[in-house]
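Dear colleague,

Please find below the structure that I am handing over to you.

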Amino acid sequence: MIMIQASTDSAASPLVTEALALQFAAKVACRLQLQRITFLTDNLSLAKVVASRDINSPIITWRCRQPISEFFQDTSQFSFTVYHISRNTNGIAHNCAHKVLNSRVEPVFNCTHSAHTNGSCPVLLSFLNFQIQGYVIHVVHCL
C-alpha cells in the first residue's frame, strides 16, 4: 500500500480537485507499472463518469474534461476499478489534505514495508526523480 500526499494550485473547485487527484493517481500508477488499480473518490458524479469512461457525459463540467481525459489515457493499459466512498467515511483523505496545507517544503519519503528491510524500497526509488508538472509531492509512504 502506498500513501502519497500531494498538492496542486490548479484546482478551481472541489470537483476539479477530485479530477486532478485521479489524474495524478493514474500517473503514479503508470510510473510504478501497476496492473490492477482501485481508485477511490468521494464525488459520486466523478465516480460515475470514470466508471463509464464517457468523457462527454453531461454530468461532468468542462473544467474536469482535461484531467479526466488524461486519466483515461494513462489508465488505458491496465485494469482499474473506481469506487465512490461516502464523504462521511473519508476522514483519512480529509485529514491528509489538511496536513499537506501545513507541510514542509522538502518532501518526506518513508518505507515501513517488511519486505523492504534491506534499505532499497522499489517504490521510493521510483519517486527519486519523479515530477509531474502542476503537482508537488509532499509525502510518500510505502506501507
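**Order of the elements**

From the N terminus on, the protein chain runs β-α-β-α-α-β-α-β-α-β, which makes five helices and five strands. Here helices (H or I, at least four residues) and strands (E, at least two) are DSSP runs, numbered from the N terminus. The model is predicted: local features need pLDDT of at least 70 and side-chain atom pairs count only at pLDDT 80 or more, while totals for chains, interfaces and linings use all residues. Residues are numbered from 1 along each chain as its sequence is written, and side-chain values use heavy atoms, with hydrogens and water left out.

**The chain as a whole**

Of the 143 residues of the protein chain, 36% count as buried. A residue is buried under 20% relative accessible area, exposed over 50% and partly exposed in between (1.4 Å probe, protein chains only). The chain exposes about 9000 Å², of which carbon and sulfur atoms supply 53%; such areas come from the Shrake-Rupley method with a 1.4 Å probe, and for residues only the protein chains shown count as cover. Contact means heavy atoms within 4.5 Å. Among contacts between residues at least 6 apart in sequence, 74% join residues at least 24 apart.

**The largest nonpolar core**

A nonpolar core is a set of buried Ala, Val, Leu, Ile, Met, Phe, Trp, Tyr and Cys residues joined through side-chain atoms within 4.5 Å. The largest one has 34 residues, and F39, L46, V50, I68, F71 and F127 touch the most other members. Two or more residues each come from α1 (14-31), β2 (36-41), α2 (44-52), α3 (62-74), β3 (79-84), α5 (122-126) and β5 (135-142). The largest share, nine residues, is that of α1. Leaving aside neighbours within four places in sequence, F127 is in contact with I4, V28, L32, F109, I137 and V140.

**Helix α1**

The 18 residues of α1 should span 26 Å at 1.5 Å a residue, and the end C-alpha atoms are 26 Å apart, which agrees. The expected span is 1.5 Å times one less than the number of residues. Buried residues of α1 include L15, V16 and A19, and their cover includes β1 (2-8), β2, α2, α3 and β5. F24 lies in α1 and is buried, with a relative accessible area of 9%. Leaving aside neighbours within four places in sequence, F24 is in contact with I4, A6, I132, Y135 and I137. After α1 comes Q33, whose phi is positive, near 55°.

**Helix α3**

Which residues of α3 are buried? They are C64, P67, I68, F71, F72 and D74. They cover an arc of only 160° around the axis, so they lie on the same side of α3; the arc is that of the directions from the helix axis to the C-beta atoms. On the other side, W62 and Q73 are exposed. Cover for the buried residues of α3 includes α1, β2, α2 and β3.

**Strand β2**

In a regular strand the side chains alternate between the two faces of the sheet. Six bridges join β2 to β3, and the two strands run parallel; strands pair if DSSP finds at least two bridges between them. The bridge partner of R36 in β3 is S79.

Yours sincerely
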